[in-house]
Amino acid sequence: MLGLAYLIFLNPPSISHMSKSMRNERILSMANVSIEHNPSSERLAELGVSKWPTWSKEVSVFPFEFNARETAYILEGECTLTPTDGSAAINFKAGDLLVFPAGLDVTWEVKTALKKHYKHG
C-alpha cells in the first residue's frame with residue numbers, strides 16, 4: 001500500500017483530467033435556484049425591489065457564471081437557463097422572482113427581450 005501512495009505522490013493525477021464539477025468544492029444545479037411566480041406587491045415592497053438596479057438584454061444566447069448570489073425580479077421577457085452540469089433547464093418570465101446561488105454556471109437563452117431588477121448578495 002505504501003508503494004501506491006508513493007507512486008501517487010510522485011505522479012499526482014492532473015487536474016486537467018478532472019471534470020469542472022469535480023474541481024468545484026460544491027456542485028450547483030437548478031435545484032439550487034428558487035422561483036416564486038407572481039409574488040404579491042407587498043412581498044416586492046418588503047424586499048425593496050423597486051429600488052434595485054435594472055438590467056436589460058436583447059434576444060440572445062450566452063454563457064454566464066453567477067459570481068455572487070443574485071435575487072432578480074423579471075419585469076419583461078422570457079428566458080431559459082440551462083446549467084452546464086447537464087441538469088434540467090428552467091424557464092422563467094415576467095412576474096417571476098428568482099434567487100440564483102453564487103457559482104451557478106449556465107447558458108442564458110433570452111427568448112424575448114429581458115428587463116429585470118436585481119440585487120447581489
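Why does Phe64 count as partly exposed? Phe64 counts as partly exposed because its relative accessibility is 34%; buried means under 20% relative accessible area, exposed means over 50%, and partly exposed lies in between, with a 1.4 Å probe and protein chains only. The structure is a predicted model, in which local features need pLDDT of at least 70 and side-chain atom pairs count only at pLDDT 80 or more, while totals for chains, interfaces and linings use all residues. Residues are numbered from 1 along each chain as its sequence is written, and side-chain values use heavy atoms, with hydrogens and water left out.

The overall fold comes next. The chain has three helices and seven strands, where helices (H or I, at least four residues) and strands (E, at least two) are DSSP runs numbered from the N terminus. Along the sequence, these elements follow the pattern α-α-β-α-β-β-β-β-β-β. Of the 121 residues in the chain, 33% are buried.

The aromatic residues may now be considered. Rings of Phe, Tyr and Trp (its six-membered ring) pair if their centres lie within 6.5 Å; planes under 30 degrees apart count as stacked, over 60 as edge-to-face and the rest as tilted. Eight aromatic pairs are found in a search of the whole structure. Phe66 counts as buried because its relative accessibility is 2%. Another pair, Phe100 and Trp108, is tilted, with 6.4 Å centre to centre and 50° between the planes. Phe100 and Trp108 are both buried. Ring pairs join Trp55, Phe62, Phe64, Phe66, Phe92, Phe100 and Trp108 into a cluster.

Rolling a probe the size of a water molecule over the atoms shows where empty space is left. On a 1 Å grid over the protein atoms alone, a pocket is an open set of points where a 1.4 Å probe fits, with protein on both sides within 12 Å along at least five of seven lines; lining residues have an atom within 4 Å of a point. The second largest pocket has a volume of about 180 Å³, a volume being the space filled by probe spheres set on the points, which are joined across faces, edges and corners. Its lining consists of Trp55, Phe62, Phe64, Phe66, Asn67, Ala68, Glu70, Trp108, Lys116, Tyr118 and His120. The elements giving two or more residues to this lining are β3 (60–65) and β7 (105–120). Strand β7 supplies the largest share, four residues. By class, the lining of this pocket has seven nonpolar, two polar and two charged residues; Ala, Val, Leu, Ile, Met, Phe, Trp, Tyr, Cys and Pro count as nonpolar, Asp, Glu, Lys and Arg as charged, and the others, Gly among them, as polar.

Polar contacts form the next topic. A polar contact is a pair of N or O atoms within 3.5 Å; within protein, one must be able to donate a hydrogen and the other to accept it, and residues adjacent in sequence count only if both atoms are side-chain atoms. His117 is placed in strand β7 and counts as buried because its relative accessibility is 12%. A polar atom of the His117 side chain lies 3.0 Å from the backbone oxygen of Trp52. Thr80, in strand β4 (residues 70–83), is buried, with a relative accessible area of 7%. The side chain of Thr80 is joined to that of Asn91 by a polar contact of 2.4 Å, and to that of Lys111 by one of 3.1 Å.

The loop between β1 (34–37) and α3 (41–47) holds Asn38. Most residues other than glycine have a negative phi. Phi of Asn38, however, is near 50°, a positive value. Asn38 counts as exposed because its relative accessibility is 63%. Ser40 is found in the loop between β1 and α3, and a polar atom of its side chain lies 3.0 Å from the backbone nitrogen of Arg43.
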